[in-house]
Amino acid sequence: MSQDLLELSAAQAVAAIRAGELDAAELFELYRSRAAADPLNAFTWVAEDAAAAAPAGAPLAGVPVAVKDLFCTEGVPSQSGSRILEGYRPPYTATVVAKLARAGAPLLAKTNQDEFAMGSSNENSAYGPVLNPWDRARVPGGSSGGSAAAVAAGLAPWALGTDTGGSIRQPAAFCGIVGLKPTYGACSRYGMIAFASSLDQAGPLTRDVTDAALLLRHMVGRDQNDSTSLELPEEIRLPSRGDLKGVRLGVPQELTGTAGGIDPGVLASFEASLAQAQALGASVEPCTLPHAPHALSAYYIIAPAEASANLARFDGVRYGLRVAGDSDLDTMYSCTRAHGFGAEVKRRIMLGTYALSSGYYDAYYGTAQRVRTRISQDFQSAFAEVDFIVTPTAPTTAFELGAKSHDPLAMYLNDFCTVPMSLAGIPAISIPCGLSDGLPVGLQLAGPAFSENALLDAAYALEQALAFDGRSARAGGGAPA
Amino acid sequence: MLERQQVDHVARLARLELSDSEADTMAVELSKILDHIEAIRALDLEGVEPTSHVVDLVNALRADVPQRSLTPQQALAQAPEPTEAGFGVPSPGQGAE
C-alpha cells in the first residue's frame, strides 16, 4: 500500500484526500518515517510528531512540504546550512511557509543546503553533503540540493527551495525533477535568510509540472513585510495544455553550444527534446542573447557584493555563534565570523567586499550593473521574436562528490545557463528531459516577467510528450544506506 | 593578481580573521576568479544605465499604525549574551578602529 501511496504525485494526493479516499495523517506518517530514515542526508530537521489536521476545505488538504533550511520556521532550527547559526530557532516564520501552512501544507522537514545558498553541489553545507538518489557517489546539485534529493527519492511529496543564480533549477535537473524560479517579486522574501537580495527568489521543487503550479499558487502574492514583493496579474492556474501549436521557442546560440562547456550527452538529450517540441507543433528557431556569456561574471560580482552586506549581521551579537567573547569587541567579531563561516562563504564575502571597496567600486560593481542592464535588454529583444527561451538547465549531469570542490571557478561554471535569467528577474522552469549515461538531464524554459501560467502550460505539454520516468530514484533513493 | 597585502586589508574590512595559509590561498583563488571576471571590463558600456534591481520600485510605505512585534524577551532569546537592557557585547577595548 505504501508503495502505491508513494507513487501519487502531491496533486493526486490532495485530490485523494479531498475525495475521502486517503487519510492525510497516514500520508504524513508515511513521509515522516521515510524522511526520518534519511539515507541521503537530505534533511537537517524532521518533524517528530504528527501535524495538526489541516483546516476543513484547505486547498492543499494536509499534504506536507519539506522546506529549505534557510526559511525561518518558528521554534524549528533554521541554520541556512551554516555553523554560525547552529541551533538557531527563529521567533517567527517566513511568509511563504506560513502561507502554505494556512493552505493546508504542514511542515514535514527542513532540507540540507549549501551554506547561505552559496554553491552548486551541496558540498558547502556545514551539515555534510547530500547524496544524489540516482547515484549516491554523485552530488544532487545546489544550493537547494536537499529539497531536490528529497523529492526525487520520495522522502517528501514536494519541497520549497530558493534560487539566486540557479539554486532551484540546477538541483532539479541533477535529480530528475521539476524546479521553478518565479518572476522576481512573485514570492515574499520575508523570513528567507538572505544571500543576494536583488536576486533571491523562493520557488517549488516537485515531481511534476502540475505539482509545481499547485504549490506556487499558494506561495505568491504581495506581502507588506517585503516591499519588493508583487501581486501577480492573474492567479496561477493548473496547466492543461496538450500541444505547443503556435508556440515559438528560441534557442540562444550563446547558451547551447559546446563553447559554453556543455556536455555532448546533455546537448543530445536537449536536441531530442526540441524535436519532441516540434512534433507538438512548436516552432524552434535560433535566437541571440549577445551578453549572456558575460552573465556569470556580472553575477559573481553582484551576488557576492550583496552577500557581503547581508552577512555582516552575523557577528556574534544577536543570535548564533560567539567566539572569543572574552577579548575585545572587534576581535570577537572577526573570530566569530572566522569560526562560523565555511570556505566558500568566506571567499564570497572577500570577493564582494573587494568589489565594493574604495577605488574598485565602479570598475567592478558599476560595470556588472551595466552588464545586467544589457542582459535584460537582450531578453526583451528576444521575447519580441519568440515566446520562450529554451536551453539545457546545466552544462553537465550530476558530477561525482569532490570532483569540483577544490576549484571554485569550475564550480561557478555550473550556473552558466541559469544565471542570465536570474539577473533579468524572469521566470524559468527546469523539467527532466531524458537521461545521459543513466543520469537525468534538465531542460530550461524561460519566459518574460509574469508569464508563469504560459510557461507552466508549455512545460506541461512537453512533460507529457517526454514522459520522463523518475520511479527508479524513488525505489532506489529511499532505500537505507 | 591580488597581493597578500590587499587580501589582509579586505579581510579587515569584512571582519574576517584569516590564518596565514588561508590568506595565501585566498590571494590565489580570488586572483583566478577576478581574472575570469575582468573580461566584462572590456565591453563597451558607454551610456548604459546600471540596474540595481529588476523591479521598478517606488517607495513602498505602509500606514504608520502601531502593530504587534516581537517582545524584548523573544528578541533576546537567541542572543549569546542577553542582558536586561539588551544585547551584551565585549568592551570595544583597543581593537576598535
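**Domain and chain contacts**

Tutor: In this predicted model, 28 residues of domain 1 of chain A are in contact with 22 residues of domain 2 of chain A.

Student: Which elements give two or more residues to the domain 1 side of that contact?

Tutor: On the side of domain 1 of chain A that touches domain 2 of chain A, they are helix H13 (408–412) and helix H14 (419–424) of chain A. H14(A) gives the most to that side, with four residues.

Student: And by class, what does the domain 1 side have?

Tutor: The side of domain 1 of chain A that touches domain 2 of chain A has 16 nonpolar residues, eight polar and four charged.

Student: Back up a bit. What are the bounds of the two domains in the domain assignment of chain A?

Tutor: The assignment gives 2–251 + 383–477 for domain 1 and 293–367 for domain 2.

Student: What separates their centres?

Tutor: Taken over C-alpha atoms, the centres of domain 1 and domain 2 of chain A are 27 Å apart.

Student: New topic, chain B against chain A. How many residues does the contact take from each?

Tutor: From chain A the contact takes 56 residues, and from chain B 46 residues.

Student: Which helices of chain B each supply at least two residues of its side?

Tutor: Helix H1 (4–13) and helix H2 (20–37) of chain B do, on the side that touches chain A. The largest share of that side comes from H2(B), seven residues.

Student: What is the breakdown by class there?

Tutor: The side of chain B that touches chain A has 29 nonpolar residues, along with ten polar and seven charged.

Definitions and conventions:
Residues numbered from 1 in each chain as written. Chains lettered and ligands numbered in written order. Predicted model: local features only at pLDDT ≥ 70, side-chain atom pairs only at ≥ 80, totals over all residues. Contact = placed C-beta atoms within 7 Å. Nonpolar A, V, L, I, M, F, W, Y, C, P; charged D, E, K, R; others polar. Domains from an automatic or database assignment.
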